[in-house]
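Reader: I am new to this structure. Could you walk me through it?

Author: Gladly, let us look together.

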Amino acid sequence: MWFTFGAVITYLAVEIIRSVYRLYFSPLAKFPGPRLAAVSRLYELYYDGYQPDGYIRKLRDLHEEYGPIVRINPREVHIDDPKLYTELCGNPRLDKDHWYYNVGDAIVTTPSYEEHKQQRAAVYRFFQPQALKDTESLIFETVERLCLGFRSIPGGFVNLSNAYRSLTNDIVTTFYFSTSNNLIDEDNYAAEFHRACGGFLRLLAFIRPFGIVGHILTVMSRWYQHLLKPAPKLRSVLQHQQNIGIRVNTAIKNHRQHQVPKARGLIYKLLDSSLPMKYKSRARLHSETLGAIIAGTEATANVLVTATFYLLSNPTCCEKLKTELREAWPSRGNPDIKSLLQLPYLTCVILEAYRLEEGSVFRKPMVSRTPLNLRGRIIPAGTTFSFTPKLNHENKTIFPNPQVFKPDRWQCQDNQALKKYLGTFSKGSRSCLGQQ
Ligand code: HEM
């Protein structure tokens, strides 16, 4: 009894001393922001874990109240300044924030820039256009299957969010493993599964402060069939996690026995690559592929949903795009992706969809090993600072009437200047490898 009481008092005393330090003596004490956020990360967890729009909406409000640089948790300042974004984000000597990216072991979550550089150098070529020739036919075949399916739907109503998620999941899974999940053939386009994946992304908010949540999910994915009967939503995510684990195991086994299939997925190229052995372990490849498949599925589908929504809501833009496509591609058969990407209006529509999509809402917390001057205010080496590209995309000075879908804004002569502020794929040495 006295021991418990003593432990509680000690804990409270430590918390109080820490809070006082954070509020008055920390090098970040001079930065404006809510006092609760300066004291505890629970402030962030409340928004990311429990509010439908996550911390991003709150960040918008905080910048309106406190200005362009706001302290958003005990160790981090968030910056809403597109010019600073372009100046800082290209810096290849920035680490990623260890706490924020503590959600699984993968290239994207590697904090140290030197370690990341080594991994990226080993896999970069697998994502370059010349290496993606086979992927082109995979994309066309899968899109064609999806469109054929649309024609046979009674009533003609389709949940495009699920349909696109199934399309992108089938493509990305085949890209990694050379076999597909065939979600586009499932009832309702695997609606339950996609709902669960959306929930899984929200779980990241809890995995960050309570890393044990991630480990529990990994263990559950191996044993859930024997141990319990999870709700259908959780079951579909665990099943997915388990399926990927099985495919990784099979690939490692095949690779060891030199029985590599003719159609080699990226997993075999990773196993063959110059990556050091520690990045080729079962656990590491599982976490790498699981993360990339969920992110590649969700992010790509978000852009497709955004583009379709705005095109259907703007018949003039839609008609203009159709005319351009018909002229460039008058006969049946697959177009060549390289020439498609040179079509001026299609390019503008894609860029505008990148700007408006909601997938880039995640902030990107980074750490500099040297002190940084943020518009006259110095943050010490080791301090976390972050940007959220979505705030650039909504900046009224750079993108007038930011809520309006206006592909023509990308037709201006200064298109390159505008692209600097587009952070959908992030920037520099940490930018998306799958953007091609
Ligand atoms: C429109 C679709 C996509 C968007 C908007 C997108 C966005 C992003 C962003 C913002 C990052 C950086 C994340 C961070 O630093 O926190 C990233 C990294 C990455 N993405 Fe994508 N992504 C897309 C599609 C894909 C696809 C289809 C793949 C795989 C086939 C992929 C593979 C990767 C990989 C491997 C990284 C890590 C790069 C590194 O750390 O060096 N992405 N992506």
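Reader: Where is Cys432 found?

Author: This is a predicted model, in which local features need pLDDT of at least 70, side-chain atom pairs count only at pLDDT 80 or more, and totals for chains, interfaces and linings use all residues. Residues are numbered from 1 along each chain as its sequence is written, and side-chain values use heavy atoms, with hydrogens and water left out. Helices are DSSP runs (H or I, at least four residues), numbered from the N terminus. Cys432 lies in the segment after helix H18 (415-419).

Reader: Which atom is the only protein donor of the iron atom of the ligand?

Author: Donors here are N, O and S atoms within 2.8 Å of the metal (3.2 Å for Na, K and Ca); water is not among the atoms, so sites may look incomplete. At 2.3 Å from the iron atom, the only protein donor is Cys432 (SG).

Reader: Which helix supplies the largest share of the shell around the ligand?

Author: The ligand is surrounded by 20 residues, counted when a heavy atom lies within 4 Å of it. Helix H6 (113-123) and helix H13 (282-313) each give at least two of the shell residues. The largest share, four residues, comes from H13.

Reader: How many residues of domain 2 are in contact with domain 1?

Author: An automatic or database domain assignment sets the bounds: domain 1 (28-104 + 358-435) and domain 2 (124-298). Contact means heavy atoms within 4.5 Å. On the domain 1 side 15 residues take part, and on the domain 2 side 11 residues.
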